[in-house]
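This report describes selected packing features of a single model.

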Amino acid sequence: MALKAVILIGGPQKGTRFRPLSFEVPKPLFPVAGVPMVQHHIEACAKVPGMKEILLVGFYQPHEALSRFLLSAQQEFKIPIRYLQEYAALGTGGGIYHFRDQILSGGAEAFFVLNADVCSEFPLQEMLEFWQGHRDAHSFVILGTTANRTQALNYGCIVANADTQEVQHYVEKPSTFVSEIINCGIYLFTPAIFQHIGKVFQRNQQELVLYPYLGEESSNGWQRAEVIRLEQDVFTALAGSGKLYVYKTDGFWSQIKSAGSAIYASRLYLNQYSKSHPERLAQNKPGGPIIRGNVYIHPTASIDSTAVLGPNVSIGEGVTVGAGVRVRESIVLHGASLHDHTCVLNTIVGWDSTIGRWARVEGTPSDPNPNDPYAKIDSETLFRDGRLTPSITILGCSVTIPAEVVILNSIVLPHKELSRSYKNQIIL
């Protein structure tokens, strides 16, 4: 069976909650558990038998880092991977509708659509088998998972028939409780989906003819007609029509909206590595650093044998870690240097940053409630009651932290050279 996959990677106006990390690299290329975020998606798609091509759709300008990544991913996974650039942000449905000819070329019978800002076990093969079991060639599948009652309101909520799993009702971010089953942002479509998106496009066009002032905000009315959201515009209408089904997964799933959620996603992927990629996990070896729990260390990193790393640590390319350093629940990006006896907890250390001797850099984890199996990570607002919400500490690229200071729950923008301790601050 000929299949394709489309990964929606967004663009530079998106990912603002990911700053200052998204200043240096497009958010989909940010390393999570040692590899670019979107590589986890590509790897899962490449494993599905019959996968002919993977398309990335977004509105990033062609980017050297993106081109380099696509080239190396094509060589590694032995599958064609292309980037299709939208002329503007067209929404989750508008982007695939705009490039429908590219998606369908080569006779794809079905295609997956994945949002780049989720981390998951990606049960794509199971979704495919579930879809094939329905025998309706024109039905579509949403991947769903269970959330708790309060957090479900932050997601698309699905009411499904308990026997057939047919979606009867779909509401995006409802104001009151609708269902505990939420949309994971991973879909399996057939070419018939484009008829349904096309109806929305035509309706948008008619509205622009009838109400031309709606299009005044954009330079041309066409642009407005092409902005289509799969969730609000398409799924809401398809629910109850017998065409839309939900496949529920018990595997791990989380959104990666903020920088804090990248550390949590890293933990989920590192846990999975023990089954999928044991070679990526560091082991305790004579003369090597002390490893506790799951740790990823890039082969080019230089780490003192007295350093203690883990659990949930990933160390990037060319990183230097000195004697007696302690790192836990953190991501250290390429070229960073942690001098002797530094302590780094719940922190993302930016590219080429330096932390001086005996300094302590610490954040507050924003993990889901460990006592609730269905809890998801909360999208914390940056400020609460006029104060900075305690969260992980983020050092932008090329930040210098002096010796013997404490940096707590702070965000440091790139190219800053600090001279003292800071607590609960954004350092501009």
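Two strands are taken to pair if DSSP finds at least two bridges between them. Strands (E, at least two residues) and helices (H or I, at least four) are DSSP runs numbered from the N terminus. The model is predicted, so local features need pLDDT of at least 70 and side-chain atom pairs count only at pLDDT 80 or more, whereas totals for chains, interfaces and linings use all residues. Residues are numbered from 1 along each chain as its sequence is written, and side-chain values rest on heavy atoms, with hydrogens and water left out.

**Parallel sheet**

An open sheet is formed by seven strands with parallel pairing, in the order β15-β18-β21-β24-β29-β32-β34. At its edges stand β15 (295-297) and β34 (426-427), each with a single partner strand, so one side of each is left without a neighbour in the sheet. Within the sheet, β24 (residues 347-349) and β29 (residues 393-395) run parallel and are joined by three bridges. In this pairing, I348 stands opposite I394 of β29.

**Helix α5**

Helix α5 (residues 124-132) has L124, M127, L128, F130 and W131 as its buried residues; buried means under 20% relative accessible area, exposed over 50% and partly exposed in between, for a 1.4 Å probe and protein chains only. Viewed down the axis of α5, these residues fall within an arc of 160°, so they line one face of the helix. The arc is that of the directions from the helix axis to the C-beta atoms. The buried residues of α5 pack against β1 (3-10), α1 (37-46), β6 (110-115), β8 (140-146), β11 (181-189) and β12 (244-248), where contact means heavy atoms within 4.5 Å.

**Aromatic contacts**

Rings of Phe, Tyr and Trp (its six-membered ring) pair if their centres lie within 6.5 Å; planes under 30 degrees apart count as stacked, over 60 as edge-to-face and the rest as tilted.

| Pair | Class | Centre to centre | Angle between planes |
|---|---|---|---|
| F130 and Y247 | tilted | 5.5 Å | 55° |
| Y187 and F189 | stacked | 5.6 Å | 20° |

F130 in helix α5 and Y247 in strand β12 are 117 residues apart, so their pair links distant parts of the chain. F130 is buried, with a relative accessible area of 18%.
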